[in-house]
Amino acid sequence: MTNHWNDIQHADVILCIGSNPAENHPISFKYVEKAMDRGAKLISVDPRYTRTSSKADTYAQLRPGTDIAFMGGLINHVLQNDLIQKDYVVAYTNAAFLVDEKYDFEDGLFTGYDAQNFRYEKTNWKYQMDAEGNPVRDDTLQHPRSVYQLLKHHYARYTPTKVCEITGTSIHDYLEVARTFCATGTPKKAATIMYAMGTTQHTHGTQNVRSYAMLQLLLGNVGIAGGGINALRGESNVQGSTDYAILYHILPGYLKVPTYDNVDLATYNETWSPKTNDPKSANWWSNTPKYMASILKAYWGDAATAQNDFCYEYLPKRSGNYSFIPLMERLQAGGFEGMVCMGTNPAVGGPDASSIRKGLGKLKWLVAADLWETETSIFWKAPGIDPKQVQTEVFLLPAASSVEKEGSISNSGRWAQWRYKAVKPPGDAESDAFIIDQLYKRIKALYEKEKGVYPEPVVNLAWNYGSGHEPDIDLVARECNGRFTRDTVVKGKAFKKGDQVPNFTFLQDDGSTTSGNWLYCGSYTPEGNMMQWRNDADPTGMEMYHEWSWCWPLNRRILYNRASVDINGRPWNPKKPVIAWNAATRKWEGDVPDGGWAPMAEDGTKYPFIMIAEGHGRLFAAGLADGPFPEHYEPMESPTPNLLTRQQCNPAVATPGKISTSDKFPYIGTTYRVSEHWQAGAMTRNLPWLVELVPDMFVEISEELAKWKGFENGDIVSVSTERGVIEARALITSRIKPLRVGGQLMEQVGVPWHFGYAGMAKGDSANDLTTAVGCPNTTIPEYKAFLCNIEKGGKKA
Amino acid sequence: MSTRKDFSRDKSFLIDMTKCTGCRGCQVACKQWNQLEAEQTEFFTGEGYQNPPAMSEYTFTRIKFRDYQKNGQNEFAFYKEMCMHCNEPACASVCPVGAFVKTEEGPVVYKSERCIGCRFCMIACPFNVPKYEWSKAFPLVKKCTGCYSRVKEGFAPACATACPTAITYGPREEMIKEAERRLGQYPDRYIHKVYGKEEAGGTSVIYLTNLPFDELGFKPVTMRALPGYTWDALRLVPGIFLAVGGGLSALSWFTHRRERLKREQAGEMVTESSAPQIEDTDRKEEQ
Amino acid sequence: MSAARIVKEVKGYHAFIKFLIGIVMVGVIAGMVRFIFGLGVTTNLNDTYPWGLWISFDVVTAVPLAAGAFTLGAIVHVFHIKKLEPLVRPAIVTGFLGYSLVCVGLILDLGQPHKGWQVLRPDYWNLHSPMFEVSMCVMAYTTVLFLEFLPPVAEKFGWHVPLRVLRWLEMPLVIAAAAISTLHQSSLGTFFLIAVDKLHNLWYSPLLPLLFWMSAICTGMCIIIIEATASHKYMGQPNEGELLRTLAKILPWALGAYLAVRAYSLIFMGKGPYFDRPGLTFSFMLELGIGFILPFIMFMQKSVRENDRRRNIAALLVIGGLVLNRFNVSMFGMMNEAEVYFPSIIETLVTLGIIAAHILLFVLIAKYFPIFEHHPETVDYTIPDRLHRTGEHKEKKSYKEQPVSQES
Ligand SMILES: Nc1nc2c(c(=O)[nH]1)N[C@H]1C(S)=C(S)[C@@H](COP(=O)(O)OP(=O)(O)OC[C@H]3O[C@@H](n4cnc5c(=O)[nH]c(N)nc54)[C@H](O)[C@@H]3O)O[C@H]1N2
Ligand SMILES: Nc1nc2c(c(=O)[nH]1)N[C@H]1C(S)=C(S)[C@@H](COP(=O)(O)OP(=O)(O)OC[C@H]3O[C@@H](n4cnc5c(=O)[nH]c(N)nc54)[C@H](O)[C@@H]3O)O[C@H]1N2
Ligand code: SF4
Ligand code: SF4
Ligand code: SF4
Ligand code: SF4
Ligand code: SF4
Ligand SMILES: [Mo]
């Protein structure tokens, strides 16, 4: 989230697209409704009429996988009708930048496409540079090579009729969304976008998010109160887990994982510190060397010295994509000896799950640390698997739940809140920290005893978390923040060895500081553990609660907040100021600003988008795998040809095997959640009170399809794809409606994905249907759009 | 029975169905606080995702789902059913052993040790709230307790605490004021009615909705406090007893006196006429 | 009496009596089943229909069916229509049995029967509850009936002193009976006043208590007519036709008054819609037309009043009308169309058992106690201390020694 949960209440228009917060983030609705009480309009754009839609002023149905068409249409609407917040766009986005002459886009393909390898050569996706090496600008936005004009040209094809033909949205609803949302391009109005998995789980998921962000930039809605582009994060601490690098390509604090060719620290720093010649660009990532040195110092402590590159060589270097889908492919190919599943249940949650279950059987051993016996830990008992044929040795480690241990948890608004242990874990259950600690200590002992090929990274690890039964979580939190390794003076302030670092602006690249996660540097300062703050005072009156928990970065509650003011530092909307420049004190008031530099009108200041090398919000973004502008492509499995270009699917995604085709599988399948169940279901299908509410696997279909197929409500039906067949009860509802796409009616089959064969309430898993194909930028699987068939009767029928 | 007339400070629920997301946190929180068993359900037992089929000995509150089309538009609506905690509860008025009590704080509570299990309360409640432990050999009545155990200690009820959006809890007059404020401020959002203000003589659960009440499944109820209907008749009891008793006494004294006078005039008439009858009886005995 | 004698005695009974005993035993077993397995399993009661056959018949209907006692008591003793005196004792027995069995029915229906007595606890009293009032009345009235029922017992065993006391109590008891009955017969109607939003408009009326009371009186008289003719016909009792004719003369007035109040309440106090549910409309027509209006017209005819058979038919119609009325009010009129209640086997068996028990006990009491032999001419009620007739009974022979057998 650029903003945070409480801030939603300041919006004038709330767009829930690709998310269903009433069901999946119920507490968020407190703020949505507060905004509505203040006159805000709620828009729900979803293939299904959800509990969120039921609260919305406007509901627009769209076909799964067509968000870019929808958003592209809105961008077109804004540009054609000149609804942009011009001052904002010129000052804070790259709209005025001129793009390289060689950049082009034709019939669905951007310049540089390499069809052999499903990738782009991105050399020509760049700005025109002036003599000083700065991007050339045309602040009139008239230059044909300006981002603005290219954008306008790109989306001119997205006319309302075209859009609705693709998305299946009724033109009336679509125009109402356009009118309502695009009216917020004035300084006085704020619109927010709440998005989640309906947006991201596509072969063009990242571009979906981009299209939302671009619209928000054009309307001047980023950085302001009640605005932003807000990802409703999923698992309660998923924000924390990405901040702390649960993904394969990042280190804590979103530092890049070194690639095989980053041979030493200098090369690494050279590669990953973006450069700019513009003195007005803060280019924050240029601090990468400081953060890298500090994290290495945190990892290897005294063993890490300037002489040995702070043990940089101990870090594994990657040479490919180790994300979930390729890992599971390797699993199925017998590429792993063992696997540890800590708090995850891929046998239900992973795409093409029945293949994953088969893959698990190729392991020698599997460790599952979980609160429950999950489908993963009993994969050998799965329907269709003969336990006698499975040789895998499975260890189930009972884990303590979140209320049975202490530590921090970061919500979508980046607030890190400290939680205390409420009860002792039952039986033999232990915290994950204990499990990791034991694993580490035993592996280290083995390395010390048996030496092995490369023991140093393990045996030299700084692992000082007390001598208790489990690691002292307070010491862990202190280490994440970081401390000084020697007496030193930074920015005129003297620090002693062992002092906590006040915040990341004090971190050094010379080994004088440690920090386990630079973004969290500031969370545990000399003043103590900020994550434990519980003061609900709101001196700004803008619901920012700076003393309630702590928020990265630097306790800044709204990111890019220096874009919430005009170039003189006056809030665009003085009624809802995030920050304001006090000319007398020459200080910002309100939220913690994105850097304390003076307003843009003054000299020696910096642009507001400090994390971007060019300092401006990117309407044209060169970094992505699949193009600088989002372009509509059909999902990998789609019942219709691409009605916009001849490029059917995202050109940067290779076609996987086991693809359903519309002749055999005529219906659009989509998976989603319900309030009553949680994820792969272990947490809720074992709780009788929740099982009572949603006891059986079900699928939702339209009244029309039911009539056509002769289904009665509650009938057992089977849904099939090229990957598998599942059985479920048919819920027939007018909340699911067929879509008119390219003049043809298309039916949807809505499938919740919470069921499996373990636990109290059992049922077939939706993921036996889904495809293991992902977005080229993130590899998130395309869970939200596939082709399927539905027939009466169970699987045997 | 309570003899109170002023209910304005009673703790009350303001349930704004336009704000309810149907998340059913309330339903689960209620089960948790009251440690109620889960019901065995299958698929869904009503529109939408509705479960269980009805309030019961195991379910004190339930979200009723409405999933239908109106003027070509989808309606997906939710209505929280629970005890209304009537100002003058019918259940309490009919109970022969005073097992239901309207507390000072607002909740209508049940004293199980008193209950004899006649189920009159179930018949009397206009909202069909009290439920019976049909599973037991010696059943008791079950219904929403208004979380009296919490309210007494100054906490809000479990369901109100769990609810992210729709439930406000506080003194009745303030809840009504707030409801009316919302009606005034957002006239287009609501059906213009504060349900519970007058219904059944006023309740401690107050609803606002955006759909007609009957479409949501609200029960049509009288505006008058129900105990009054019974009391209209019952209050006559002492009078009738005295009137009938006294009247008949007087009448019989009068008729007997007339009889005696008649007999005194008629002399032996009585004994004579009785003779054959006696013989009649004797004959039979001898058979 | 030794066991062998009892067996011998029972063996000698008429087949019908044996049949009744059988049904009663089945009912008793059904009752036991109910206590062992609980209401939920053994009945078709549920949260939609918390009251079923047992309340509708065993209580709400049985009470007015037992109204003969107080009606007749009042007619005979208060209005001094002495002619009818011979019918009093059977009526009292019927009433006493009826009320005792109402108590049995209630106990079966209560979820907490062991706590039923708590109605008496003054600290639990709830004067607002019609159920409380009815319970108190039923208990008081059962006691009164018991006392009223005692004279034949005392006579049989020749207990002089108690008999004297009872005689002396007779008038107060009759008046108490009438007053108490007025209260609870009407309060049964009061039960349903609270069901404003549940009972169908065809029956809901603020005058329900009055209507219940009036119809109970009519029915009480009709029950006496039936009972007297039946005991004449089947138990060799003297034909009381003469007396019944007198009773039948009162009936058109009583029925007429009832119909008038009913019409008034419906037309002037009710609110529609009335005829929105065909089933209920039919039931209403049946109840009112065949159950009340037709017998009303019949009783107006001398030919009906004078003819045993026709009089019986008319009386039966009224009884049927009342039964249907009570079911309409307490069951059909409160049912919703979506879900229908139908009594379970156990419920039905228990109710049949109770009905059978009533008849059985009546027959047996009539067999062993002088309830029909009691004629007013044998006793002077005005002077309770002249007890020669009873004394003679004792001296001559005791019923104990010589059981009367119908078959002889
Ligand atoms: N109760 C509950 N809450 C949860 C979870 C849970 O399992 N249960 N899971 C948590 C987790 S980990 C996550 S990630 C979040 C996810 O939260 P959400 O993203 O809100 O969850 P989903 O239900 O998967 O998807 C949201 C909506 O996207 C719609 N959709 C499908 N395809 C498309 C599309 O192409 N375009 C658009 N615009 N919409 C589409 C679906 O119909 C669905 O209503 O929820 C979190 N919260
Ligand atoms: N078809 C389809 N598939 C999907 C999605 C979809 O929308 N559609 N959504 C995807 C998304 S967004 C997500 S996030 C994934 C989630 O996929 P998973 O993370 O695999 O699913 P969960 O059920 O959340 O698994 C978490 C497990 O952790 C356990 N657990 C809970 N607390 C603790 C703890 O403190 N310690 C330990 N060790 N274990 C704990 C729980 O019991 C549970 O079994 O699924 C993905 N799969
Ligand atoms: S489940 Fe937890 S994290 Fe999710 S909305 Fe509810 S309270 Fe918030
Ligand atoms: S709603 Fe029913 S149970 Fe609740 S207080 Fe009112 S009458 Fe009693
Ligand atoms: S069932 Fe219990 S609480 Fe209800 S009226 Fe009867 S005695 Fe009172
Ligand atoms: S007040 Fe308490 S008992 Fe009543 S519904 Fe709410 S949580 Fe349940
Ligand atoms: S907790 Fe609140 S929002 Fe959720 S279903 Fe209950 S009343 Fe509605
Ligand atoms: Mo997620």
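In which hand does H9(C) pass H10(C): left or right? Hold that for a moment. A word on the source: this is a predicted model.

Chain contacts come first. Two pairs of chains are in contact, and chains B and C share the most contacts. Chains A and C do not touch. Their nearest C-alpha atoms are 19 Å apart.

Now back to the helix pair in chain C. H9(C) covers residues 208-235, and H10(C) covers residues 241-269. Their axes are 9 Å apart, at an angle of about 155 degrees. Angles over 145 count as roughly antiparallel, so that is how H9(C) and H10(C) run relative to each other. And the hand? The crossing of H9(C) past H10(C) is left-handed. On the H9(C) side, the contact residues include C:Leu210, C:Met214, C:Cys218, C:Ile225 and C:Thr229. On the H10(C) side, they include C:Leu244, C:Leu251, C:Tyr258, C:Arg262 and C:Ser265. By class, the residues of this contact are 18 nonpolar, three polar and one charged.

Staying in chain C, look at C:Ser100. It sits in helix H6, residues 88-109. Buried or exposed? C:Thr142 is 42 residues away from C:Ser100 along the chain, yet their C-alpha atoms are separated by 6.7 Å.

Next, B:Arg24. Find it in the loop between strand E1 (11-16) and helix H1 (25-33) of chain B. Its relative accessible area is 1%, so B:Arg24 is buried. What is B:Arg24 in contact with, leaving aside its neighbours within four places in sequence? From chain A, there are A:Glu676, A:Leu693 and A:Val694. From chain B, there are B:Tyr49, B:Gln50, B:Asn51, B:Ile63 and B:Phe65.

Last stop, helix H16 of chain A, residues 432-450. Why does its length agree with expectation? At 1.5 Å a residue, its 19 residues should span 27 Å, and the end C-alpha atoms are 26 Å apart, so the two agree. Which residues of H16(A) are buried? They are A:Phe434, A:Ile435, A:Asp437 and A:Tyr440. After H16(A) comes A:Lys451. The phi of A:Lys451 is positive, near 65 degrees.

Notes. Residues are numbered from 1 along each chain as its sequence is written. Chains are lettered from A and ligands numbered from 1 in the order in which they are written. This is a predicted model: local features need pLDDT of at least 70, side-chain atom pairs count only at pLDDT 80 or more; totals for chains, interfaces and linings use all residues. Side-chain values use heavy atoms; hydrogens and water are left out. Helices (H or I, at least four residues) and strands (E, at least two) are DSSP runs, numbered from the N terminus. The expected span of a helix is 1.5 Å times one less than its number of residues. Buried means under 20% relative accessible area, exposed over 50%, partly exposed in between (1.4 Å probe, protein chains only). Contact means heavy atoms within 4.5 Å. Axes are lines fitted to C-alpha atoms, for helices over the stretch in contact, and angles run from 0 to 180 degrees between N-to-C directions. Angles under 35 degrees count as roughly parallel, over 145 as roughly antiparallel, 65 to 115 as roughly perpendicular and the rest as oblique. A crossing is left-handed if the near helix is turned anticlockwise from the far one by less than a right angle, and right-handed if clockwise. Ala, Val, Leu, Ile, Met, Phe, Trp, Tyr, Cys and Pro count as nonpolar, Asp, Glu, Lys and Arg as charged, and the others, Gly among them, as polar.
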